Amino acid sequence: MYYEEADKPAHARTSNLNEELGQVDTILSDKTGTLTCNSMEFIKCSIAGTAYGRGVTEVERAIYRKKGSPVVHEPNGLNHIEDSADVNPAIKGFNFKDERIMNGNWVNEPRADVIQKFFRLLAICHTAIPEVDEENGNISYEAESPDEAAFVIAARVLGFEFHNRTQTSISLHELDPVSGKRVNRLFKLLNVLEFDSSRKRMSVIVRDEEGKLLLLCKGADSVMFERLAKGGRDFEEDTREHMNEYADAGLRTLVLAYRELSENEYEVFNEKMTEAKNSVSADRETLIDEVAEMIERDLILLGATAVEDKLQNGVPDCIDKLAQAGIKLWVLTGDKMETAINIGYACSLLRQGMKQIIINIDTPEIQSLEKTGDKDAVIKASRKSVMEQIVSGKAQVSALSAISEAFALIIDGKSLAYALEDDMKNSFLELAIGCASVICCRSSPKQKALVTRLVKLGTGKTTLAIGDGANDVGMLQEADIGIGISGVEGMQAVMSSDVAIAQFRYLERLLLVHGHWCYRRISSMICYFFYKNIAFGFTIFLYEAYTSFSAQPAYNDWYLTLFNVFFSSLPVIAMGVFDQDVSARFCLQFPLLYQEGVQNVLFSWRRIVSWMFNGFYSAIIIFFFCSRALEQQAFNDEGKTASKDILGGTMYTCIVWVVNLQMALSISYFTLIQHIVIWGTIAFWYVFQLAYGALPASFSTDAYRVFVEALAPAPSYWFITLFVVIATLTPYFLYSAIQMRFFPMYHEMIQWIRHEGLSDDPLYCEMVRQRSIRPTTVGFTARRAASRRQ
Amino acid sequence: MDTDRERHRARETAFYLFTQQSLPACKPVLTPGWVIAIFLFMGVIFIPVGLISLRASHCVVEIVDRYDIDCVPEPSRMDKVSYIQDDSIPKNCSHFMKYINPSWIDAEVNSYSLQMYVKSRSDKQLLDGQKYHDTSSCQPVESNNNRPIVPCGLIAWSLFNDTFEFIREGAELKVNRKNIAWKSDRGHKFGKNVYPFNFQNGTLIGGGKLNPEIPLSDQEDLIVWMRTSALPSFRKLYGRIEEDLDVDDVVVVNLMNNYNTYSFGGKKKLVLSTSSWLGGKNDFLGHACVFVGCSSLTLAIIFMLLHVKYRRPYGDMSYLPWNRKSFSG
């Protein structure tokens with residue numbers, strides 16, 4: 001989990017949460033900087049109904065890797081998946097590869113005119129400002145949003161270089177298809193109709209060098225397709241199809257369209273626009289919108305772009321594994337809804353065919369209420385609206401979950417504010433739990449923390465929050481485990497986190513491997529502690545009971561004292577540090593193993609009580625067998641009888657053997673260290689007896705020379721030790737043999753798989769793993785399964 | 001390349017493997033083969049071993065004779081305590097025992113109340129005598145008339161003092177009363193220059209008296225007695241008969257029934273026994289061993305049958321705890 005590029009190792013900042021890492025039920029994740037690296041890349045486009053771009057998105061890469069098949073539509077027999085090394089594009093924000101239109105080849109394409117318009121639109125219709133590097137003439141762009149920059153860069157690379165902007169004009173260097181030379185083109189900028197979230201589109205009106213008036217428009221498909229002119233829908237079907245593909249590959253799409261304006265039309269528009277802009281009433285915005293609405297219609301479709309909001313390396317893979325492990329992932333982001341949904345697609349949290357329940361309060365009624373300024377009414381109406389949406393969502397979920405339909409809940413910040421109110425939050429939580437993925441967008445840091453608390457308290461399960469920025473701090477602190485991404489956004493998140501990692505993808509290993517191991521180690525360790533102290537203590541108790549509660553301990557004082565210090569401590573520490581039920585590879589190969597932690601099967605009451613029971617019966621067997629075997633008759637062939645120190649010594653020897661061998665029986669991972677501590681501890685007991693017995697009698701009291709003189713020379717001592725130890729361990733051995741053979745737990749199945757060498761048999765592994773993939777989960781494996789079902 | 005190789009080498013070192021938790025490990029899995037083999041092995045080992053120890057136990061001849069009631073004359077049996085505490089009555093008593101080849105004698109005392117008892121001794125005083133003053137552990141038998149008692153404490157105070165004489169066909173059998181205590185006790189726990197002092201001089205007489213002329217390290221009866229037993233019912237070695245006894249020899253035991261077990265309802269028995277390499281007569285280990293061996297064999301056979309008859313269900317998830325109940329959550 002060491003991120004070489006930034007030299008950032010994983011760093012555990014608290015030491016007492018290890019086992020909780022193995023029990024995480026819900027992950028609440030920030031988006032920007034956590035799932036994504038906050039950079040956009042122009043990767044594909046669809047022009048005139050033809051799809052261009054052979055770049056492979058992270059999601060597609062993950063899907064292909066999963067399938068084990070090479071990228072299918074790779075040209076020229078280049079049948080390899082690009083490794084992450086050449087994923088990093090030479091030009092930031094540009095990852096487009098298609099020899100058909102790059103390097104000026106587009107002029108040879110059948111619809112070159114459309115392609116020209118398409119890229120010209122990209123080069124003109126934006127609000128970016130170019131910055132020319134004085135030294136080498138390179139141009140970089142300052143844009144409002146990274147995707148806008150990506151468009152301008154794409155246009156530049158493809159031969160439409162936007163190089164200067166003035167108040168009234170935009171100049172491009174452009175390839176002239178006829179002469180084949182680069183020429184300078186100047187466009188007079190007449191109007192900019194800016195982007196906002198309700199319009200979901202942006203337009204510019206320019207006059208080109210030939211004096212033609214052009215309206216260039218780009219926007220979301222939901223608003224753009226309805227604005228196309230009757231004659232402008234030539235490639236609508238193909239484009240829609242491509243856009244669905246793009247969305248499914250996790251890309252952000254925009255539709256590009258244009259329109260030629262007549263002078264008259266423009267005059268009318270310009271007048272109205274100026275009027276609207278000059279108005280000083282409260283509904284100025286509305287007026288402007290209305291005017292823009294009028295002009296942005298009868299558009300002619302050019303095509304669509306697809307921009308990848310670059311996910312961090314390995315994020316879809318990681319999310320898929322986590323989903324397979326049964327962990328739920330909620331995305332809490334401050335971004336707007338569209339972005340969040342796109343990212344949801346990108347990391348397979350959402351997929352086509354998933355039923356989306358969208359809760360927002362941007363309904364016309366509320367908006368009109370807002371305009372009246374009656375705040376109470378707005379609040380009341382919003383609350384009512386949110387409540388209704390939650391209730392109807394719940395109804396849908398309960399109606400359709402029977403046929404294993406997957407749901408996604410998307411809620412925006414404003415609605416969230418109402419949904420988190422006391423009277424509503426429980427039904428909100430119920431709805432959210434019923435959904436496979438939950439995305440909260442436009443949420444404030446406080447809301448993030450509140451949602452985290454709601455999940456934590458509402459479900460009672462372990463929650464994990466992961467984030468990288470200062471706005472995630474509340475969430476990190478509220479969650480059971482806070483994971484900070486030590487990225488570029490400063491140290492606030494890391495400072496308030498429990499574990500700091502450099503990349504989101506390390507979460508997979510952190511949870512599935514280390515979390516699982518830690519959970520397993522700690523639960524086994526605690527159970528074993530119960531066991532060994534009960535086994536030891538109960539022999540003393542039984543001895544007391546058989547000596548009329550005389551308060552006389554069965555063992556020498558030093559034996560009593562040192563039991564937990566020397567004779568049973570090191571093996572259990574070694575287990576707590578090194579034990580692995582299955583290796584890291586198998587933890588990752590069978591993510592369902594993680595459910596052992598979430599369901600807490602290794603530390604259930606049944607398991608604790610059975611370990612305690614194991615302790616009790618071990619003690620009973622040891623005490624009764626030893627005391628019956630050494631009852632009254634002579635202990636050795638000289639006729640000397642067994643005194644208290646001899647019985648105590650024998651019993652103690654049996655206890656030391658039993659607890660250590662029990663440890664050897666219950667672990668299935670022996671490194672050299674395990675061997676050393678287990679056998680060393682047993683050997684040390686004999687060494688200790690020799691050494692302690694050799695001390696002066698005033699110090700060693702009734703242990704004085706007992707081992708040398710009485711125990712060691714007597715065959716019955718060794719014989720009793722051997723017999724009692726094996727008899728004590730047999731029931732446990734029988735139990736675990738039966739369990740392993742007939743009722744194996746998941747990790748034991750994986751041990752079987754490994755043992756029988758079936759791990760290389762993909763069919764069999766798939767069979768074991770398949771069970772973990774439920775159709776209602778998220779991740780691309782589930783997506784693949786869902787698309788296969790359809 | 002150099003750095004690559006170096007890194008590679010670094011990954012080979014034990015420390016790297018240790019910190020990355022990827023030390024080479026053996027990962028045993030309880031396969032049916034192993035289970036059957038282990039159970040078979042246990043059966044094969046334990047049945048013969050159990051039989052051997054049973055045989056050893058059967059070779060031991062042990063005759064137990066309870067004498068604490070018989071040795072109280074009929075008229076006194078209603079009030080045995082006053083009988084035993086009355087010094088004026090002679091306590092001798094004769095018993096007939098018919099023995100086959102016994103060679104050593106244990107006296108067995110039953111139902112000792114151990115409360116406050118086992119700790120009431122001072123090991124340091126036993127070694128150092130009156131020089132050692134801190135004998136508070138000996139409470140309540142610490143001192144008498146402001147003079148210390150050696151050996152102090154309840155254990156010593158309650159020293160067993162029945163004595164036995166064995167007569168076969170009119171001739172006394174020699175009983176070796178030496179070397180009945182552990183050598184380390186004689187050598188290092190009981191002082192060579194410590195003599196009994198002020199012992200059993202109080203108003204309450206517990207058990208036997210000691211000869212003040214003989215140092216503690218030679219008072220083997222006391223040493224044997226002071227090595228406390230584990231359980232309330234115990235035996236102590238009295239001595240060894242070093243002559244061979246023949247089958248059907250009748251041994252007359254003349255014993256002094258001095259020791260008071262009547263006040264706490266204890267029993268006294270005289271045990272004549274031979275010994276084997278495993279010690280005295282005890283069938284328990286042998287029986288238990290044979291039992292464990294037999295059950296191991298049975299289990300091995302059951303597992304074998306199951307293994308042959310039913311293949312292990314591969315990857316059957318229906319047993320998984322979270323599949324037993326419908327998955328919720």
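Chain B and chain A bury about 7,600 Å² between them in this predicted model. Carbon and sulfur atoms account for 66% of that area. The size of an interface is often given as the accessible area lost when the parts come together. In terms of contacts, 80 residues of chain B touch 92 residues of chain A. Polar contacts between chain B and chain A number 17 residue pairs, with both residues at pLDDT 80 or more. The interface of these two chains also holds one salt bridge. Its partners are Arg227(B) and Asp645(A). The closest N and O atoms of Arg227(B) and Asp645(A) are 2.8 Å apart. For the complex, the predictor reports an ipTM of 0.89 and a pTM of 0.82.

Chain B was considered next. Its domain assignment gives two parts. Domain 1 of chain B is made of residues 29–60 and 279–312, while domain 2 of chain B covers residues 61–275. The centres of the two domains of chain B, taken over C-alpha atoms, are separated by 43 Å.

How many residues of domain 1 of chain B are in contact with domain 2 of chain B? Four residues of domain 1 are, and they meet five residues of domain 2. The area buried between these two domains of chain B is about 340 Å². Of this, 58% comes from carbon and sulfur atoms. On the side of domain 1 of chain B, the most area is lost by Val60(B), Gly279(B) and Lys281(B). Together these residues give 82% of what that side buries against domain 2. By class, the touching side of domain 1 of chain B has two nonpolar residues, one polar residue and one charged residue. Zero salt bridges are counted between the two domains of chain B.

A search over all chains finds one disulfide in the whole structure. This disulfide joins Cys71(B) to Cys93(B), with an S to S distance of 2.0 Å. A disulfide is a covalent bond between the sulfur atoms of two cysteines. The torsion about the S-S bond of Cys71(B) and Cys93(B) is about -65°, so the disulfide is left-handed.

Chain A is assigned three domains. Domain 1 of chain A takes in residues 2–37 and 312–510. Domain 2 of chain A is built from residues 38–69, 90–262 and 299–309. Domain 3 of chain A runs over residues 517–749. Between domain 2 and domain 3 of chain A, the C-alpha centres lie 73 Å apart.

Confidence was examined chain by chain. Chain A averages a pLDDT of 83, and 91% of its residues score at least 70. Residues 69–89 of chain A have a pLDDT below 50, and this stretch has 27 contacts in the model beyond near neighbours in sequence. Chain B has a mean pLDDT of 78, with 83% of its residues at 70 or more. Over residues 111–116 of chain B the pLDDT is below 50, with 21 contacts beyond near neighbours in sequence. Residues 324–329 of chain B also stay under 50. For residues 324–329 of chain B, the model has eight contacts beyond four places in sequence. Where pLDDT is low, the predicted coordinates should not be read in detail.

Methods:
Residues numbered from 1 in each chain as written. Chains lettered and ligands numbered in written order. Predicted model: local features only at pLDDT ≥ 70, side-chain atom pairs only at ≥ 80, totals over all residues. Heavy atoms only, no water. Domains from an automatic or database assignment. Contact = heavy atoms within 4.5 Å. Buried area = accessible area lost by both parts, 1.4 Å probe. Salt bridge = Lys/Arg side-chain N within 4 Å of Asp/Glu carboxyl O. Nonpolar A, V, L, I, M, F, W, Y, C, P; charged D, E, K, R; others polar. pLDDT = per-residue confidence, 0-100. Disulfide = S-S within 2.5 Å. Polar contact = N/O pair within 3.5 Å; in protein donor to acceptor, adjacent residues only side chain to side chain.
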